[in-house]
Amino acid sequence: MSLHLHPYQPRAHPFDKPAFIMEADGETVSFGKLEARANQGANALRTHGINRGDHIAILMENRREMLEVCFAADRAGVYYTTISTHLNVDEIAYIVADCGARLLIASDRFLEILPGVASKRKDHCEIMVVGDAAGLYPCWSTEAAQHKETPIVDEAQGLDMLYSSGTTGRPKGIKWPLKNTLPGARTMLVDLLSSLFGYGPHARYLCPAPLYHAAPLRHAMVTIKMGGTAVIMDRFDAERALHLIESYKITHSQWVPTMFVRLLRLPEDVRTRYDLSSMEMAVHAAAPCPVDVKRDMLAWWGDIIHEYYAGTENNGFSAITSEEWRARPGSVGRAKLGVVHICDENGVEEPVGTIGEIYYENGQQFAYHNDPEKTHACTNAKGWTTLGDIGFLDEDGYLYLTDRKSFLIISGGVNIYPQETEDTLLSHPSVLDAAVIGIPHEDFGEAVHAVVQLVPEHENSQGAAETLMAFCRSKLSALKCPRSIEFRNSLPRSATGKMYKRVLRAEYWGKD
């Protein structure tokens, strides 16, 4: 059975076709089931007073309910914020409060920390749980199942509002305007991703990454909206990914460079054991890919590897095919959304070939939630916007990255801003000064490394390093904690107190 409706919603596709599959247990959700559960979820949101323009937050590992809640919000004209499962109680509570969530839907994996999240909220945010709520909270799945499977009367297109770390170390919500349209109306993301990467009814998309990240979530949802099937891994495993490509005849997939490294490190007999001939498109982004790694992947998988450069903000989007990349190794391509410009520190455009800050003109309109100053700071006099990345353009308009935001650390495709880690170190009584930088790491691209100056009466020792790393782990999520600490008698600062991090980075990476 299929309905002749708009092609960008599950209800428009054959009801018995798989919309997505959770590979860990093989659970399959058909388009018909997703349609019913999205409608039930939208009805449940309205019952809880969640109306158009309101916010909800979602804290879940990769599981079927996560996509179902996102599609429910997508039908109800609601902003939905997905939260990293690696954050600690304080960090989760901050995001829930900052986005103004009126409802937090969490999996039973987080039962122990939910009281702590609730205790830090000054205003009311209802909490519901999927899975075994142990009688402590209302069960989202049970309640949603009691509602009608028909659409709500006031359907509206919802949007994600995802968080990307800011230079202060506190994450910032990236908010796009919520248009007054019905669900299934053409959106920038559906048009852009489907046209560039060929998502359509034939697509079988492998998602090896957490759905709380922008790219995995958005690509999975676009695949489903276009009538394809998404296969969702619960966690990345290199050989398992190859097995799934063969088993499900995967046509599309998305990766970060760290995954490429781990795939390449599989023994040769393992790499050649699986039939990957169904693959049509392997997309990678999130972090710069070492040229040698990409060359090795091209030699293995052929010219199906596409790369793009964009932020969660989607203020612009550049992409490059395998053939183009072979001619211009290291490039991230030409602009596919917006017009790219390279500007100096004052936002004035630079000549071709000059390194400067990357700006986009006529990209997606966005704002940083609750931070108009940051929104203003990333916009120049012409209205072009930047994410703070540094690069240059060649004569044919191909973009090359030379730096990834000021001081930003990208470890395994995850953006880590060091300010919060530095502030944590400086709060320890033995620390006089601290700088946190990314240093080369064979697997993750970069690793978080701290350079510390202790107060005079404390000794520089391995014991001191272990004490500080344990202190950081007690305050921060593991991703933000230093993997190594070194001690120095002084750190390079100007007379005005500015830290010269480039001096520190150059010791590990060479001159910038």
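# Checking the terms against the values

Me: The charged end of R271 sits over the ring of W300. What makes this a charge over a ring?
Reply: The charged end of R271 is 4.2 Å from the centre of the W300 ring. The term requires NZ of Lys or CZ of Arg within 6 Å of the ring centre and within 35 degrees of the ring normal. The value of 4.2 Å meets the distance cut-off. K374 lies over the face of Y368 in this way too, at 4.7 Å from the ring centre.

Me: What kind of model do these values come from?
Reply: It is a predicted model, in which local features need pLDDT of at least 70 and side-chain atom pairs count only at pLDDT 80 or more, while totals for chains, interfaces and linings use all residues. Residues are numbered from 1 along each chain as its sequence is written, and side-chain values use heavy atoms, with hydrogens and water left out.

Me: Why is the pair of W300 and W301 called tilted?
Reply: Rings of Phe, Tyr and Trp (its six-membered ring) pair if their centres lie within 6.5 Å; planes under 30 degrees apart are stacked, over 60 edge-to-face, and the rest tilted. The centres of W300 and W301 are 5.6 Å apart and the planes are at 55°, so the pair is tilted.

Me: What makes F236 and W255 edge-to-face?
Reply: Their centres are 6.3 Å apart and their planes are at 85°. That angle is over 60, so the edge-to-face label applies. F236 is in the loop between β11 (229–232) and α8 (238–248), and W255 is in strand β12 (residues 252–255), 19 residues away. Helices (H or I, at least four residues) and strands (E, at least two) are DSSP runs, numbered from the N terminus.

Me: How do you know whether W255 is buried or exposed?
Reply: Buried means under 20% relative accessible area, exposed over 50%, and partly exposed in between (1.4 Å probe, protein chains only). W255 has 1%, so it counts as buried. F236 has 21%, so it is partly exposed. W301, with 11%, is buried.

Me: How do you know that R488 and E507 form a salt bridge?
Reply: A salt bridge is a side-chain nitrogen of Lys or Arg within 4 Å of a carboxyl oxygen of Asp or Glu. The closest N and O atoms of R488 and E507 are 2.5 Å apart, so the pair qualifies. R488 also forms a salt bridge with E486, at 3.2 Å. E486 counts as buried at 19% relative accessibility, whereas E507 counts as partly exposed at 46%.

Me: What makes E68 and R64 a salt bridge, and where do they lie?
Reply: Their side chains meet at 2.6 Å, N to O, so they are within the 4 Å limit. The two residues are 4 residues apart in helix α2 (residues 64–76), which means about one helical turn separates them. Both E68 and R64 are buried. The structure holds 32 salt bridges.

Me: How do you know that β24 and β25 pair?
Reply: Two strands pair if DSSP finds at least two bridges between them. β24 and strand β25 (residues 445–454) have 10 bridges, in the antiparallel sense, so they count as paired.
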